[in-house]
Amino acid sequence: QQETRRALARAVALAPQDPTVMAAQADSFYRLDNDYPLAYALYQKAQAAAPGDARIVLFMAITERRLGLWDRSIANFETAHAMDPANVFIATQMADTMGRMNDWEPLGRLLDEWLPRYHQSRDLLATKVSQLMNTGDLAAAPNLFDRIPVNSNTLYTTVGNDLHRWQRDYPGLIAFWDQPEVFT
């Protein structure tokens with residue numbers, strides 16, 4: 001952390017108005033200090049200086065989510081995704097945010113559009129399983145869940161755990177947690 005802070009202080013001294021430096025400062029306040037309001041102010045400044053930078057807009061959206069500015073967060077995820085439509089991380093973060101908002105129906109439509117494009121994304125598949133569960137489609141959810149390679153990702157394990165519990169499949173739940181890949 002100390003080395004990171006020293007490098008950042010040097011960058012700020014050399015180019016305080018550079019949007020990349022401002023975004024790095026914002027990243028530091030967000031990740032190292034948990035100072036989300038200050039990080040947000042710096043992301044806004046950086047975005048004003050570099051309006052075409054999808055990464056800055058993405059991290060503004062993530063910070064807005066952290067601050068409870070849900071609608072602004074979604075709007076900025078949409079903007080970032082339009083700027084960089086091949087970036088699956090933007091898609092997964094927006095989908096995650098919509099799930100946290102319990103915005104299941106629009107999320108389902110979006111996932112139906114995105115899954116063919118990002119067919120390798122385990123996170124989007126797991127989010128789709130969660131969306132199916134939360135809209136009452138417990139018949140389709142297990143079939144889709146079975147398409148996800150077993151892994152130790154938090155989203156995968158949470159959805160797998162919930163799916164087995166919601167189905168009251170306790171032997172399946174025990175077998176799920178007994179898979180060595182879940183703990184890798």
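I looked up Tyr36 and found it buried, at a relative accessible area of 16%; buried means under 20%, exposed over 50% and partly exposed in between, with a 1.4 Å probe and protein chains only. The model is predicted, so I note that local features need pLDDT of at least 70 and side-chain atom pairs pLDDT 80 or more, while totals for chains, interfaces and linings use all residues. Residues are numbered from 1 along each chain as its sequence is written, and side-chain values use heavy atoms, without hydrogens and water.

I then checked the rings. Rings of Phe, Tyr and Trp (its six-membered ring) pair if their centres lie within 6.5 Å; planes under 30 degrees apart are stacked, over 60 edge-to-face, the rest tilted. I count seven aromatic pairs by this rule. Tyr30 and Tyr36 pair edge-to-face, with 4.9 Å between centres and 65 degrees between planes. Tyr30 is also buried, at 10% relative accessibility.

Tyr43 and Phe59 have centres 6.5 Å apart and planes at 25 degrees, so I list the pair as stacked. Tyr43 is in helix H3 (residues 36–49) and Phe59 in helix H4 (residues 54–66), so the pair ties together parts 16 residues apart in sequence. Helices here are DSSP runs of H or I, at least four residues, numbered from the N terminus. Both Tyr43 and Phe59 are buried.

I also noted one aromatic cluster, formed by Phe145, Tyr156, Phe176 and Trp177.

Last, I looked up contacts (heavy atoms within 4.5 Å). Leaving aside neighbours within four places in sequence, Leu58 is in contact with Phe77, Ala80, Phe89, Ile90 and Gln93.

Notes
Helices (H or I, at least four residues) and strands (E, at least two) are DSSP runs, numbered from the N terminus.
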